[in-house]
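This report describes selected features of one protein structure. Please consult the sequence and the three-dimensional view while reading.

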Amino acid sequence: MKNKKILYGTLIVVTIIIVGSGLLLLKNYGGIGNASYTSQKDTSSHEEKRVELFGELKNANSFEDCDTISKQIIELGPVCSGSICAEPEQNYWAYMTECVGNIAIKKNNYNLCKSIASENKFRVSASFENHCILSFMRNFKDKSKADENFKFLCENLENPAYRDDCFEYLATLSGDHNFCLDITRENLRRQCLDYFAFRNNDYSLCQSERSKEALNILRENQVSICKKIKRFYTTTSNSGQHQECYIGFAIHNHNPLICDKLKWKYDYMLGRESDDFDRCKRFSSD
């Protein structure tokens, strides 16, 4: 009997130790989880500084400035959206090509992309040159300074996707929908021509019955319909329909201010306007 009491007592003590240890471990793991979450949230506190540095990157005047500012952006740490974070080191070349492309625009000299790449400062000079030219074409605004060589710039890009993007930029820069025909990706080519149909109020450029229906909606000139529209042009979600509707009205009315109604206007990862916002402004600007 005495031995049984001792045994039961021992089991109780062991049970208390195990339970207590388990609770302690849970507390510790919980602390680690909270610390990780807090650290992750803290990375977003640099958002204002990141935007400030991206502004400096846009105004840089030399390769050295581009390099210095790009590295400062990287030092801020990961860019987070909710629970997903991405290391900015992965975008160093995107920062650099965007920056050098802007310098080329200021000097109205797209050959700057090639000359910097040829200085062997980059392990993949051809890739840098192509990205830099894309940056130059996307951000170039002065139509009066555009020349016939811009078409050759697009044609000489090695990557087919880069060439397609370049011809879309050239189409909006020149206002000539014929450059859309040089785009090889069917979806992008059709979208480019449809947007010019909206812009020019021209049924003949519409690539589908759905784009003709969209043009009919735009002709009513009631942009408020975008808040409740169920179907406009694409087959994506309702949220996508609203965005496409605003883009359509901006283009049809040649009014880039309508683009401000888009939900996502800025890409905090790359430090530039989102693709949809950029496309909306380019197609709607005269």
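## A left-handed disulfide

The torsion about the S-S bond of Cys154 and Cys166 is about -70 degrees, so this disulfide is left-handed. The structure examined here is a predicted model. In this link, the two sulfur atoms lie 2.1 Å from each other. Cys154 belongs to helix H7 (residues 149–155) and Cys166 to helix H8, so the pair ties together parts that are 12 residues apart in sequence. Both Cys154 and Cys166 are buried.

## Further disulfides

A disulfide is a covalent bond between the sulfur atoms of two cysteines. Across the whole structure, a search finds six disulfides. One of them joins Cys66 to Cys99, with 2.0 Å between the sulfur atoms. The link of Cys66 and Cys99 is left-handed, with -75 degrees about the S-S bond. Because Cys66 is part of helix H3 (residues 63–75) and Cys99 is part of helix H4 (residues 92–106), the pair ties together parts that are 33 residues apart in sequence. Cys66 and Cys99 are both buried.

Another disulfide is formed by Cys259 and Cys280, with an S to S distance of 2.1 Å. The torsion about the S-S bond of Cys259 and Cys280 is about -90 degrees, and therefore this disulfide is left-handed. The pair links distant parts of the chain, 21 residues apart: Cys259 is in the loop between helix H11 (238–252) and strand S3 (266–267), while Cys280 is in helix H12. Cys259 has a relative accessible area of 0% and is therefore buried. Cys280 likewise counts as buried, because its relative accessibility is 0%.

Cys206 has a relative accessible area of 10%, so it is buried.

## Packing of helices H8 and H12

Two packed helices are described by the angle between their axes and the distance between the axes. The axes of helix H8 (residues 160–174) and helix H12 (residues 275–284) cross at roughly 35 degrees and come within 8 Å. Which residues make the contact? Helix H8 contributes Glu168, Tyr169 and Thr172, and helix H12 contributes Asp278, Arg279, Arg282 and Phe283. Sorted by class, the contact of H8 with H12 has four charged, two nonpolar and one polar residue.

Arg138 is located in helix H6 (residues 125–139). Is Arg138 buried or exposed? Its relative accessible area is 8%, so Arg138 is buried. The side chain of Arg138 makes a polar contact, at 2.2 Å, with the side chain of Glu98.

Leaving aside neighbours within four places in sequence, Arg138 is in contact with Glu98, Tyr169, Arg272, Asp278 and Arg282. Among these partners, Tyr169 is one of the H8 residues in the contact with H12, and Asp278 and Arg282 are among the H12 residues in that contact.

## The nonpolar core

The largest nonpolar core has 71 residues. Which residues have the most contacts inside this core? They are Phe136, Met137, Phe150 and Phe198. Helix H4 gives the most to this core, with eight residues.

Apart from neighbours within four places in sequence, Phe136 is in contact with Gly101, Ala104, Ile105, Asn109, Tyr110 and Phe150.

Conventions. Residues are numbered from 1 along each chain as its sequence is written. This is a predicted model: local features need pLDDT of at least 70, side-chain atom pairs count only at pLDDT 80 or more; totals for chains, interfaces and linings use all residues. Side-chain values use heavy atoms; hydrogens and water are left out. Axes are lines fitted to C-alpha atoms, for helices over the stretch in contact, and angles run from 0 to 180 degrees between N-to-C directions. Helices (H or I, at least four residues) and strands (E, at least two) are DSSP runs, numbered from the N terminus. Contact means heavy atoms within 4.5 Å. Ala, Val, Leu, Ile, Met, Phe, Trp, Tyr, Cys and Pro count as nonpolar, Asp, Glu, Lys and Arg as charged, and the others, Gly among them, as polar. Buried means under 20% relative accessible area, exposed over 50%, partly exposed in between (1.4 Å probe, protein chains only). A polar contact is a pair of N or O atoms within 3.5 Å; within protein, one must be able to donate a hydrogen and the other to accept it, and residues adjacent in sequence count only if both atoms are side-chain atoms. A disulfide is a pair of cysteine sulfur atoms within 2.5 Å. A nonpolar core is a set of buried Ala, Val, Leu, Ile, Met, Phe, Trp, Tyr and Cys residues joined through side-chain atoms within 4.5 Å.
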